[in-house]
Amino acid sequence: MIRLLLVLAFLMALPPVRSACAEDLLIIANPSVELAAPLTLKQVAAIYLLRMTAWPDGSHIVPVNREVSSDIRGEFTAVVLKQDNASLSTYWNEMHFQGKLPPLVQESEPAMLAFIQRVPGAVGYISAATPAIDVKVLARVP
Amino acid sequence: MLLSGLICGSARAEDGYQLGHGYDVGPFNFAGYSNVTASLPDQGGDAVVLDDLSLFVTGHVAKLFNPFVEAELTRLDIVQTGEAGRGHGDGALVLERLYNDSELTDGLTLRLGKMLSPVGEWNQIHAAPLVLTTVRPAVTYRNFSEYLTGASLLYSDPESKIPDLQVYWQPDREFSERPRSITFDEYRSVAGVHVSFPVALLDQIGFSFQKSRDTQGVGQALFGVDFQYTIQKLTLRGEWTYSDLSGRAPGQVRQSEWGGYLATSYAFDDTWSAYSWYEEFSNRTAASDARDLLLGVAYKPHPAIVLKLEYLQNIGGPPVNPTGLFASWSVLF
């Protein structure tokens, strides 16, 4: 009985397991982006929270998001930004009023990939299952 | 880099319009907000007013060239019974902000032009769809210069390890002064600092100091504290300011002015919330303090649309805001 309780206590202490369908995310950028080291998740969050606005060469960062109803945005929001959608929406509205533009939205994985390929300074995210063609992978989010 | 800015802007412009996100044309984003209010005070006339129709343009052209301009039509009566209140009537066209941001280093920005004073959070996000209530607590716009024309240095740590900081200086009068009918005091020199300690995404505690001289020669030194703190669905907000006055203007009966409000809001879900605030305000021209209590509900069918209904009760002192029922419909576009 004690062993059973210990096992149960151990299992309860484990971090929550992500759903089976959750896949790794790739943080991708336009090939023009030059970085000395991979981005940390804190830096990715700083970009989307509009606190980090320029790449090391001084060019403007253009963060791109998926539509609010997509699973991949939900995963990115929870794992990288660690916020809920309502708070983020309020925050980005406040930032917009103060002259900082919120992330753009692309409503499909191909649209996100095409935008990042095309726009200098753009940064976004795709599923690791999608081939990251003609973009630079800045980080992998497990 | 200028070319890069123009290319990025063009790419933004390819995306369709989304309510609340503005519309992109090249490197410029055109956005705005509207606010229609209905006032049914216990004493005086009822009114439906276009309180604000604001347009703001944000430009991200190059590291040193990021212009911003905001102009608005304010206080335009749509329906009015009885005598119009202060500032109401035919409306006024106002230049709210006109400045350029130059990003000096990552996190450090030089701002030149006409901007909002960083005294408290409310003044900096005062657009109706963004603030808690239709009726604004007096402490969020009285007792200090809401605008300044001059230079400001802003520091925002990308990793939020150290507090955000803004220092500012206005050497002379406000550029394109707002009409006297919608302002309380006019300042000819302003300098100050604001420090904000981020606690969470929307939560913070801020400290303000502002030294100013108004057009009547009264000098004032203001100290202020503001905060927001969220515990699950409950959010607490507040602001307190105290000004020490030197010199005396006609009608002034005190050598200080102070006030503070404490607000609570509870989010039932993403669309419905209830809110309240209590305020005490000690006006420099009144012998006793005004005390107001407000209760209301808000409905947010879309992140950019808010409807509010609230009742304000003056519970002591000469009213800063009238007792009555107020409602608003505001849209960020």
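Predicted model: local features only at pLDDT ≥ 70, side-chain atom pairs only at ≥ 80, totals over all residues.
Let me start in chain A, where strand S2 (residues 62-66) and strand S3 run parallel to each other as partners, joined over 3 bridges; strands here are DSSP runs of E with at least two residues, helices are runs of H or I with at least four, both numbered from the N terminus, and two strands pair if DSSP finds at least two bridges between them. Within that pairing, A:Arg66 has A:Gln106 of S3(A) as its bridge partner.

Residues are numbered from 1 along each chain as its sequence is written, and chains are lettered from A and ligands numbered from 1 in the order in which they are written.

Stepping back to the sheet, chain A has 5 strands in an open, mixed arrangement with the order S3-S2-S4-S1-S5. Strand S3 (104-106) and strand S5 (136-141) of chain A are the edges, and because each has a single partner strand, one side of each is left without a neighbour in the sheet. From one strand to the next, the twist averages 30°.

Across strands S1 (25-29), S2, S4 (122-127) and S5 of chain A lies helix H2 (residues 41-48) of chain A, at about 110° to S5(A), with angles running from 0 to 180 degrees between N-to-C directions of axes fitted to C-alpha atoms, for helices over the stretch in contact.

Turning to the partner chain, 33 residues of chain B are in contact with 31 residues of chain A, contact meaning C-beta atoms, placed from the backbone, within 7 Å. H1(B) gives the most to the side of chain B that touches chain A, with 6 residues.

How values were computed: Contact = placed C-beta atoms within 7 Å.
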